[in-house]
Amino acid sequence: MNTPFRGALLKSPVALAAAVLMAALTPGLAHADTQSELLQELRALKARVAELEKKVADQAAQPAPAAQPGMTTEQLQDFNRIAVKAEALEDARDMAGFKGLKVSGYMDPTYIYNRLQHRGGFQFLNNVSDDGYNYDNSYFGAAVIDFTKETDGGSRWRLTLAPNRGVGTVFNGESPVHEASVSIPLTDLQTRFIAGQIPDWSGYEYLQPTLNKLITHNLLFDFTLPTAYTGAGLEVASGKWLTKAMVANVNTSKRPSGNTAPALAYRVDYAKGEFQGFGFAGVHGRLPNFSEAITTSSLTELVDASGTGLGIYSASQDVVAQKDSLANLFEFDAYFIRGDWTVQGQLSYGQQRKAAITPDPVTGELRDAEWYGLSTLVAYKFEPRLEGTVRYDYLNNRKNGGGLLGYTAADNRNGIGPGDQNGDGVIDSGDDANRGVNRQALSFGLSYLFNLNTTFKVEYRLDRASAAIFEDVRLGGYKKTNQLFGASVLVSF
């Protein structure tokens, strides 16, 4: 049958299927009694074809169904509920200010034995201002918690609390604040405005024990570097270079009356490659000087057995005021860290006006202090968890009876100032008060990483001076050498 209706049926897949169906029904149609019955059946078939074509068109107009995640209906419902809860938690976190907030901290209960001080025991949370800052009582034995927050705009906020053991306690005596600083991006994230109270950044050794291999610090860290800066400045990162500079008060949160000129403090680091780099730092300006504040009535001159003055003066403990005097400090440090080996080193030079320990023997005028020194450290990992460390320090402090940053009086515990140079067992008129002792220290240490958060450390340290200056508090007299043993457990998170 070649009719126009048949041609229409062949124009679509549905019509083609209908034509096949009609061809299959042809024998039945041939048996129809009348022509009208045949026409009725054809009309009904045509209507059915039209209905099928409409369904196909409707389905084609609908979007493709989403791909199934391979979960049951109940699993998909649970997943949707979890997604809603996660979004709610994120909103609550943002509302509470916890986004970008990180909390970390550490504790390091420490045991120290000092032979000539005749003292051995644990040191933990003791107030450094009660005993003074000493090489056997620096920043170890602390409990520290650190809060850092970074906003969506890239600004950073930091508050580190270290009760009795932070830089705030060292120069303030009461403050538990170790660091309180802000860092604000200016033109981009690599150029930042920094301000607040920031611990000193000089040298290869860090203040916190989590970044140090030994328990004690080197001689340069303890006696020639500033404690902290309070001020404002810039931090600029450019490729392999990182530069920080501040106009700041040094070792004080508020300058005394009569002092208006802040100091310039800076540090520049260069990462030469993956394993090595170097840096240098400096401070130039007026720094605290307790010698300038000492009057005749607040000085005590040491005398020998006959009562003869020695020309060596020690400051009274109740002297708390100080003036500032011009100082220039500079240090260079470098490192090489690769595989099991770590090598670090530092050279330092410093001077401060009218900060020497011994006044001029003729005029009584205060004189300038000047010093220089070096420190080097080598560490090797015998196995991934066990590391051995050796450190050697040398400090030349001979000029004008000695005198270091913050140490303007004789100190027979740390070995600063004139000593027993003629070997008679006492510091008397037979010794040269104008010649300070030079200091050395040799340390050996082991550290064992017990787990990701716990490290055990032990250290043996031998301190030596060019003349007998370490006081033997039990037997009396002075010695050229002293020994120290330390052990600590460091737990951090």
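Is Asp-463 buried or exposed, and what is its relative accessible area? Asp-463 is buried, with a relative accessible area of 0%. Here, buried means under 20% relative accessible area, exposed means over 50%, and partly exposed is in between (1.4 Å probe, protein chains only). The legends below start from the overall view and then zoom in.

A few notes first. This is a predicted model, in which local features need pLDDT of at least 70 and side-chain atom pairs count only at pLDDT 80 or more, while totals for chains, interfaces and linings use all residues. Residues are numbered from 1 along each chain as its sequence is written, and side-chain values use heavy atoms, with hydrogens and water left out.

**View 1. The whole chain.** The protein chain has 8 helices and 22 strands; these are DSSP runs numbered from the N terminus, with helices being H or I of at least four residues and strands E of at least two. Of its 493 residues, 40% count as buried. Take the contacts (heavy atoms within 4.5 Å) between residues at least 6 apart in sequence: 61% of them join residues at least 24 apart.

**View 2. The largest nonpolar core.** A nonpolar core is a set of buried Ala, Val, Leu, Ile, Met, Phe, Trp, Tyr and Cys residues joined through side-chain atoms within 4.5 Å. The largest one here has 41 residues, and Phe-223, Tyr-229, Val-283 and Leu-287 have the most contacts inside it. Helix 7 (residues 219-223) gives the most to this core, with 4 residues. Zoom in on Phe-223 and, leaving out residues up to four places away in sequence, you'll find that it touches Tyr-135, Leu-395, Leu-404, Leu-405, Tyr-407, Asn-414 and Ile-416.

View 3. Glu-331 sits in strand 14 (residues 323-338), and it counts as buried at 2% relative accessibility. Its side chain makes a polar contact with the side chain of Arg-267 at 3.0 Å, and also reaches the backbone nitrogen of Gly-203 at 2.9 Å. A polar contact is a pair of N or O atoms within 3.5 Å; within protein, one must be able to donate a hydrogen and the other to accept it, and residues adjacent in sequence count only if both atoms are side-chain atoms.

**View 4. Asp-463 and its partner.** Back to our opening residue: Asp-463 forms a salt bridge with Arg-439, with the closest N and O atoms 3.0 Å apart. A salt bridge is a side-chain nitrogen of Lys or Arg within 4 Å of a carboxyl oxygen of Asp or Glu. The pair links distant parts of the chain, with Asp-463 in strand 19 (residues 454-465) and Arg-439 in strand 18, 24 residues apart. Arg-439 counts as buried too, at 2% relative accessibility.

**View 5. Asp-136 and Arg-413.** These two form a salt bridge, with the closest N and O atoms of Asp-136 and Arg-413 2.9 Å apart. Asp-136 lies in the loop between helix 5 (128-131) and strand 4 (143-150), and Arg-413 in the loop between strand 17 (386-396) and strand 18 (439-451), so the pair ties together parts that are 277 residues apart in sequence. Asp-136 is buried at 0% relative accessibility, and Arg-413 is buried at 14%.

**View 6. Lys-354 in its loop.** Lys-354 is found between strand 15 (341-352) and strand 16 (369-383). Its phi is near 55°, a positive value in a residue other than glycine. Lys-354 is partly exposed, with a relative accessible area of 31%.
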